[in-house]
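Here is a short tour of one protein model. Take a look at the sequence and the fold, then read on.

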Amino acid sequence: YTAAIMAASQGHDEALTYLMKNDSVNLHLEMRHGLTALSLAARSGHKTTVRTLLSHENIKINEGRRLNL
């Protein structure tokens, strides 16, 4: 798991906002079965977290990179 995936899946918006300020954070990494920070936040019902992720200027909802975890 990445810090962004953990924060998103648990609905930790403040931590996610902090991580998103770092240019090196990759919000498009995929875990097994193609799950991303965005899909995990949505799947867990964290509406504010989904909005936080969608507000990021570099978020692409149809892009992912396999993490093999």
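Which residues does Ala8 touch, not counting residues up to four places away in sequence? They are Leu16, Ala37, Ala41, His46, Thr49 and Leu53. To place these contacts, start with the overall layout.

**Layout**

The model is predicted. The protein has 69 residues, and 36% of them count as buried. Its secondary structure comes to four helices and two strands. From the N terminus, the order of elements is α-α-β-α-α-β. Take the contacts between residues at least 6 apart in sequence: 66% of them join residues at least 24 apart.

Helix α1 covers residues 3-10. Its buried residues are Ala4, Ile5, Ala7, Ala8 and Ser9. An α-helix has 3.6 residues a turn, so residues three or four places apart point the same way. After α1 comes Gly11, with a positive phi near 75°.

Ala8 lies in this helix. Ala8 counts as buried because its relative accessibility is 0%, and the cut-off for buried is under 20%. Val50 is 42 residues away from Ala8 in sequence, yet the two C-alpha atoms are 7.9 Å apart in space.

Ser9 is also found in α1. Ser9 has 15% relative accessibility, so it counts as buried. Its side chain reaches the backbone oxygen of Met6 at 3.1 Å. Neighbours within four places in sequence aside, Ser9 is in contact with Leu40, Ser44 and His46.

**The nonpolar core**

The largest nonpolar core has 16 residues. Ala8, Leu16, Leu27 and Leu53 have the most contacts inside it. Helices α1, α2, α3 and α4 each supply at least two residues of this core.

What does Leu53 contact, leaving aside its neighbours within four places in sequence? The list is Ala8, Leu16, Met20, Leu27, Ala37, Leu38, Ala41 and Ile59.

Ala41 lies in helix α3. Is Ala41 buried or exposed? Ala41 is buried, because its relative accessible area is 0%. Beyond four places in sequence, Ala41 is in contact with Ala8, His46, Thr49, Val50 and Leu53. Ala41 and Ala7 are 34 residues apart along the chain, and their C-alpha atoms are separated by 8.7 Å.

**The largest pocket**

Rolling a probe the size of a water molecule over the atoms shows where empty space is left. The largest pocket here has a volume of about 170 Å³. It is lined by 13 residues, and the closest to its centre are Asn22, Asp23, Val25, His56 and Asn58. How many residues of the lining are nonpolar, polar or charged? Four are nonpolar, five are polar and four are charged.

Val25 lies in the loop between α2 and β1. Val25 counts as partly exposed because its relative accessibility is 23%. Not counting residues up to four places away in sequence, Val25 touches Ala4, Leu19 and Met20. Ala4 is one of the buried residues of α1.

His56 lies in the loop between α4 and β2 (65-66). With 16% relative accessibility, His56 counts as buried. Apart from neighbours within four places in sequence, His56 is in contact with Met20 and Leu27. Met20 is also on the contact list of Val25, and Leu27 is among the core residues with the most contacts.

Glu57 lies in the loop between α4 and β2 as well. Is Glu57 buried or exposed? Glu57 is exposed, because its relative accessible area is 72%, and the cut-off for exposed is over 50%.

**Pairs across the chain**

| Pair | Apart in sequence | C-alpha to C-alpha |
|---|---|---|
| Ala8 and Val50 | 42 residues | 7.9 Å |
| Ala41 and Ala7 | 34 residues | 8.7 Å |
| Val25 and Thr2 | 23 residues | 9.2 Å |
| Glu57 and Met20 | 37 residues | 9.8 Å |

Return to the opening residue with this in view. Among the contacts of Ala8 are Leu16 and Leu53, and these residues are, with Ala8, among those with the most contacts in the core.

Conventions
Residues are numbered from 1 along each chain as its sequence is written. This is a predicted model: local features need pLDDT of at least 70, side-chain atom pairs count only at pLDDT 80 or more; totals for chains, interfaces and linings use all residues. Side-chain values use heavy atoms; hydrogens and water are left out. On a 1 Å grid over the protein atoms alone, a cavity is a set of points where a 1.4 Å probe fits but cannot get out, and a pocket is an open set with protein on both sides within 12 Å along at least five of seven lines; lining residues have an atom within 4 Å of a point. Grid points are joined across faces, edges and corners, and a volume is the space filled by probe spheres set on the points. Ala, Val, Leu, Ile, Met, Phe, Trp, Tyr, Cys and Pro count as nonpolar, Asp, Glu, Lys and Arg as charged, and the others, Gly among them, as polar. Buried means under 20% relative accessible area, exposed over 50%, partly exposed in between (1.4 Å probe, protein chains only). A nonpolar core is a set of buried Ala, Val, Leu, Ile, Met, Phe, Trp, Tyr and Cys residues joined through side-chain atoms within 4.5 Å. Contact means heavy atoms within 4.5 Å. A polar contact is a pair of N or O atoms within 3.5 Å; within protein, one must be able to donate a hydrogen and the other to accept it, and residues adjacent in sequence count only if both atoms are side-chain atoms.
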